[in-house]
Amino acid sequence: MIASEFSQEEEHDMPQIRNEEKRDHQAVEELTRRAFYNLYVPGCVEHYLVHIMREHEDFIPELDFVLEEDGRIIGNIMYTKAKLVDETGREKEILTFGPVCVEPDLQRQGYGKQLMEHSFTKAVELGYDAIVIFGSPANYVSRGFQSCQKFQVHVEGGKYPAAMLVKELIPGALTDHQWTYSDSPVMAISEEEARRYDDTLPPMERRHQPSQEEFYILSHSFVE
């Protein structure tokens, strides 16, 4: 998800990355809704996740960034804590991000990359050494994410979801162990509650589109 082409006649401020502030909350939720609506399912739940995530104990405000251009928020990335448990029962605190989004008409131009790379640097400064996400490999392998199987990171039951991707912020952070991944409870969104929240907002048309079938296939696939 990603930047805009500027007319030569127009002058624009360079996009700036900064931490989200309270005054940004509504704009970020509206942006998230526009970016995800009908992408994975008819409608979306990501804006509701943003709405409830900020109050959860696993949310990391220091890694909540907006991308601002000419006073307009055009991108956002948010992080929560997650957990790995190795074969001895030792727990390791790591990160997961999402939602990450860019204004729909500015995607595929570099803005998402800027947000991610900035957040990776800040995450290391905070002492984190690994990130696990769920997403399309096509969107994230260029940012250093690899199949979870390569790091022996699996979900409960020992399966390796095709959509579960891992990035070592510090090389070797996950070496020589097998890990079971658990994300924050805040990620267990009630679709019913999300839909009720969506119904309180200005109407958008819920519809089916091919990207939803792509998401279904990927989210139900595993690496052997």
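# Chatting through a predicted model

Me: Let's start with helix H1. How many residues does it have, and what span does it reach?
Reply: Helix H1 covers residues 25-36, which is twelve residues, and it reaches 17 Å from its first C-alpha to its last. That is close to the 16 Å expected at 1.5 Å a residue. Bear in mind as we go that this is a predicted model.

Me: Thanks! Which residues of H1 are buried?
Reply: The buried residues of H1 are Val28, Glu29, Leu31, Thr32, Arg33, Ala35 and Phe36.

Me: And what covers them?
Reply: The cover over the buried residues of H1 includes helix H2 (46-53), strands S2, S3 and S4, and helix H5 (191-199).

Me: What follows H1?
Reply: Asparagine 38 comes after H1, in the loop between H1 and H2. Its phi is positive, about 70°, although asparagine 38 is not a glycine.

Me: Is asparagine 38 buried or exposed?
Reply: Asparagine 38 is buried, with a relative accessible area of 2%.

Me: Where else is there a positive phi on a residue that is not a glycine?
Reply: Glutamine 152 has one, of about 55°. You'll find glutamine 152 in the loop between strand S6 (146-147) and S7. At 28% relative accessibility, glutamine 152 counts as partly exposed.

Me: Let's switch to strands. How are S3 and S4 joined?
Reply: Strand S3 (residues 72-86) and S4 run antiparallel, and ten bridges join them. As an example of who faces whom, lysine 83 stands opposite glutamate 93 in S4.

Me: What lies between the two strands?
Reply: S3 and S4 form a hairpin, with four residues between them. In the turn, glycine 89 has a positive phi of about 95°.

Me: Why would you call S4 largely enclosed?
Reply: Strand S4 spans residues 91-102, and ten of its twelve residues are buried, so the rest of the structure largely encloses it.

Me: What about proline 99, where is that found?
Reply: Proline 99 is in strand S4. The peptide bond leading from glycine 98 to proline 99 is cis, with omega near 0°.

Me: Now the aromatics. How many aromatic pairs are there?
Reply: The count comes to nine aromatic pairs. In one of them, the rings of phenylalanine 97 and tyrosine 140 have centres 5.9 Å apart and planes at 55°, so this pair is tilted.

Me: Which parts does that pair tie together?
Reply: Phenylalanine 97 lies in strand S4 and tyrosine 140 in helix H4 (residues 137-140), so the pair ties together parts that are 43 residues apart in sequence.

Me: Are those two residues buried or exposed?
Reply: Phenylalanine 97 counts as buried at 7% relative accessibility, and tyrosine 140 is buried too, with a relative accessible area of 12%.

Me: Which residues do ring pairs link into a cluster?
Reply: The cluster linked by ring pairs holds Tyr79, Phe97, Phe120, Tyr140 and Phe145.

Me: New topic: how many disulfides does the structure hold?
Reply: Zero disulfides.

Me: What does glutamate 68 join up with through its side chain?
Reply: The side chain of glutamate 68 makes a polar contact of 3.2 Å with the side chain of arginine 18. Glutamate 68 is in strand S2 (residues 65-69). Leaving aside neighbours within four places in sequence, glutamate 68 is in contact with Met14, Pro15, Gln16, Arg18 and Ile73.

Me: Last stop, the loop between S7 and S8. Is glutamate 156 buried or exposed?
Reply: Glutamate 156, found in that loop, counts as exposed at 69% relative accessibility.

Terms used: Residues numbered from 1 in each chain as written. Predicted model: local features only at pLDDT ≥ 70, side-chain atom pairs only at ≥ 80, totals over all residues. Heavy atoms only, no water. Polar contact = N/O pair within 3.5 Å; in protein donor to acceptor, adjacent residues only side chain to side chain. Contact = heavy atoms within 4.5 Å. Buried < 20%, exposed > 50% of the residue type's maximum accessible area, 1.4 Å probe, protein only. Pairing = 2+ DSSP bridges. Disulfide = S-S within 2.5 Å. Expected span 1.5 Å × (residues − 1). Phe/Tyr/Trp six-rings, centres within 6.5 Å; stacked < 30°, edge-to-face > 60°.
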